[in-house]
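Subject: Structure for you to look at

Dear colleague,

Here is the structure I said I would pass on, together with its sequence. Please open it alongside this message, and then read on for what was found in it.

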Amino acid sequence: MSISREDIEKVAVLARIKVDDEQVSALEKDLGNILDLVDQLSAADTDSVEPMAHPLDAVQRLRPDEVTETNQREAFQAIAPATEDGLYLVPKVIE
Amino acid sequence: MHNKSVAELSRELESGKISSVELTQQFLDRLKQEDGKYNSFITITEEQALAEAKAADELRAAGKATAWTGVPFAHKDIFCTNGVRTTCGSKMLENFVPPYDATVTEKFRQAGAVCLGKTNMDEFAMGSSNESSYFGAVTNPWGLSSGEKRVPGGSSGGSAAAVAARLVPAATATDTGGSIRQPAALCGVTGLKPTYGRVSRYGMIAFASSLDQGGSMARTAEDNALMLNVMAGFDPKDSTSIDREVPDYTATLNEPLKGLKIGLPKEYFTDQLSPAMEEQVRNAVKEYEKLGATVKEVSLPNAKLAIAAYYVIAPAEASANLSRFDGVRYGYRCEDPKDLMDMYTRTRAEGFGAEVKRRILVGTYALSHGYYDAYYLKAQKVRRLIQQDFANAFKEVDVLMSPTSPSPAFVQGEKTNDPVTMYLEDIFTIAINLAGLPAMSVPAGFVDGLPVGLQIIGDYFAEARLLNAAHQFQQVTDWHQREPK
C-alpha cells in the first residue's frame, strides 16, 4: 500500500509537524513500507471479534468528585518556555 | 563491590562492613570512569546520590532499614524525578525538570534506595537499538573487544548496558513492545516486564498507554524479585493500575520446578531464528527438563500478526500522547515563532527525532477520517485474537518459553536505514504486550561471544512463577554471572 505526497502533507498538518519537500520524499518511502507491513492485518478474519482496548477488560474507575490536588501553579509555570502574570505566553492568536 | 548483586550489597550494608556513603562513592567513581565507553547514562546525580546515601545510613542506624536501604541503582530516564531533569531521550525534554516524582520513583525513595542517575534510552522509548536517543547511541559492553561497537537493544538500552557493565546492580526500565526483554537479552542481563497494570504508570512518560509497563533489570532473578517488591502495587493516580494484592516475590524463588509444564510456541521456532540461537534456547529448555519440568509444543496461530497490529496501535496511541509536546507548558519551544501554527509545527519538527516523527505521522494517519476502521479497529480486533491464542495455550501449560530476540546484538548503524527491519527485532516480544502478559528475559548462552536471551512468558499476574523459574535456572547455570571483557 502506498501513501501519496498529498496524504503525507495532510497528515503532517494534522500532527502539527513541519515537513519540507525533501522529508516528504523520505517519508513516502518509509511510511509506505510501514503501511505495507501493517496491511498483513487485512488477511485476518475478524468478523465476529470484539475490539480489545484493555488486556484485562478493565473499565475506568470513578472516584468521588472531591478536590485532591493543591494549586502548584508556580512550580508548574517555572518550567514553561514563557509566562507572565501567571499566564502562559504564546504568539498572538487573534489580530 | 561492583560485581555484587542487590541482595549481596544489601547484606554487606546490613552487616555494617560498608556504609552506603562509601558504597555509593565507589559506584559513582566507577560510573564516571567507565561510562565514556558505553554512554549508558544521560544524567549522573552525584550530589543527590550522596545525600540519599547519607540519609540511608541514618535510617539504618535508627533501625529502619529495608532490603533496599542504601543500595545504589538507576532509573531509566522515562521516570519523572522531582528536581532532576528527565529527558526521555529527546531534545524536546532536554531541559525538562519535573516538579513531581513518578510513583515508581517515589516507591524507591521510600525504600531508601540510592539513585545514581538516569539511564539513556531510545527517544520516547521508540526503538530497538538505542540509536534514536538525542543523547547519542549506547554501546553494548559485549563484543567491544572485537573492535566493533554493537547496540545494547532498546529502548531500555542504557539500563541494560549499565547493569551488564557493572555500573549499577539494577535499573528500572519500561516495555511497550519488548523494550525491557530485548535489551536484557542483547546485554546478557535478567529483565522482567510485569502484567499490564501491575506497576503504576503515573509519572512514567507515556508512549502507548495500553501497552506501556514499567519493570526491572538486574543480573539475577532474585534482584528482579527485590525490585518488583518495591515497584508493584495499586496506584489511584493511574487509572489502569490493577487493585490486587502484591505477594513477596522473593518468598517463592526456591520452590522446586518439578511438574512445571512448559509450552514452546512453534511459531517462535521458525527460520527467522538462526540455528545457533535455536540451539542455545533448546539447551536452556533441556536444563528445565533436568529440573523436573515437562515440555510440549503449543501454537499461537495469530502471533504472526502481532507486529502489524502493534504498528497501528502503538503509533496511534503515541500520536495522541505526544500531542502534549506543543511548546506551551514545558519542554522545547522553537526560536521566534511567527504565529501559533508556526510555533507548534516548528517546535515539533525541531524537538522530535526522525523515528518519533514517523510514528506520530503513521498514528495520525491510522486514526484519521476514513482509515480508523480499516486500521485502528482492525488492529484492536486482531489484538483480541492474539490474546485468545495465549489464553488457549495457558489452558495446557504453566509458562511459555522462546528466544527473546531473533539474533544477538548487531553492529551499530546496521539497521538504522530501514525502520521495518528494525521493527522485526521485536518479533518474539510484541505479542506479549498486546495481550498484557508478564514475561522475562534470562541469559541462556552465547553465540559468537554475544549473549542469548531465553524469554519466559506467564499468565496474568504470574510474576512470582516466572521469577521462581528464572531463579531455579540461575542456580544450575552461570550465564547470568558472565562478565563482558
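This is a predicted model: local features need pLDDT of at least 70, side-chain atom pairs count only at pLDDT 80 or more; totals for chains, interfaces and linings use all residues.

Chain B overall

Chain B is built from 15 helices and 11 strands, and its C-alpha trace spans about 65 × 55 × 50 Å along the principal axes. Its radius of gyration is 21 Å, which agrees with the value near 23 Å that a compact globule of 485 residues would have. Of those 485 residues, 62% are buried. Among the contacts in chain B with a separation of 6 or more, 76% are between residues 24 or more positions apart.

The annotated positions

Under "active site", an unreviewed UniProt entry lists B:Lys76, B:Ser155 and B:Ser179, and I would ask you to bear in mind that such annotations may be inferred rather than shown by experiment. The three positions span 104 residues in sequence, yet no two of their C-alpha atoms are more than 11.2 Å apart, so they gather at one spot.

B:Lys76 belongs to strand β2 of chain B, which covers residues 72-76. It counts as buried because it has 33 C-beta neighbours inside 10 Å, where 20 or more are required. Leaving out residues up to four places away in sequence, B:Lys76 touches a set of residues that includes B:Thr119, B:Met121, B:Ser156, B:Ala173 and B:Thr174.

B:Ser179, by contrast, is found in the loop between β4 (170-175) and α6 of chain B, and with 37 C-beta neighbours inside 10 Å it is likewise counted as buried. Its contacts, again leaving aside neighbours within four places in sequence, are B:Ala125, B:Gly154, B:Ser155, B:Ser156, B:Ala173 and B:Thr174. One of these, B:Ser155, is itself on the UniProt list.

In helix α6 of chain B (residues 181-187) you will find B:Gln182, which is buried, with 34 other C-beta atoms within 10 Å. B:Gln182 is in touch with B:Ser128, B:Gly153, B:Thr404, B:Ser405, B:Glu425, B:Asp426 and B:Thr429, once residues up to four places away in sequence are set aside.

The contact between the chains

How many residues does each chain bring to the contact? Chain A supplies 40 residues and chain B supplies 55. On the side of chain A that touches chain B, the elements giving two or more residues are α1 (5-14), α2 (21-38) and α3 (73-77) of chain A, and α2(A) gives the most, with 7 residues. The residues of that side of chain A divide into 29 nonpolar, 6 polar and 5 charged.

The axes of α1(A) and helix α11 of chain B (residues 354-367) are 9 Å apart, and the two pack at an angle of about 100°. As angles of 65 to 115 degrees count as roughly perpendicular, α1(A) and α11(B) are therefore roughly perpendicular to each other. In this pair, A:Val11, A:Ala12 and A:Leu14 of α1(A) meet B:Leu361, B:Thr364 and B:Tyr365 of α11(B), and the residues of the contact comprise 5 nonpolar, 1 polar and no charged.

With best wishes

Terms used:
Residues are numbered from 1 along each chain as its sequence is written. Chains are lettered from A and ligands numbered from 1 in the order in which they are written. Helices (H or I, at least four residues) and strands (E, at least two) are DSSP runs, numbered from the N terminus. A residue is buried if 20 or more other C-beta atoms lie within 10 Å of its own, exposed if 12 or fewer, and partly exposed in between; C-beta atoms are placed from the backbone. Two residues are in contact if their C-beta atoms, placed from the backbone, lie within 7 Å. Ala, Val, Leu, Ile, Met, Phe, Trp, Tyr, Cys and Pro count as nonpolar, Asp, Glu, Lys and Arg as charged, and the others, Gly among them, as polar. The radius of gyration is taken over C-alpha atoms; the globule rule is 2.2 Å times the number of residues to the power 0.38. Axes are lines fitted to C-alpha atoms, for helices over the stretch in contact, and angles run from 0 to 180 degrees between N-to-C directions. Angles under 35 degrees count as roughly parallel, over 145 as roughly antiparallel, 65 to 115 as roughly perpendicular and the rest as oblique.
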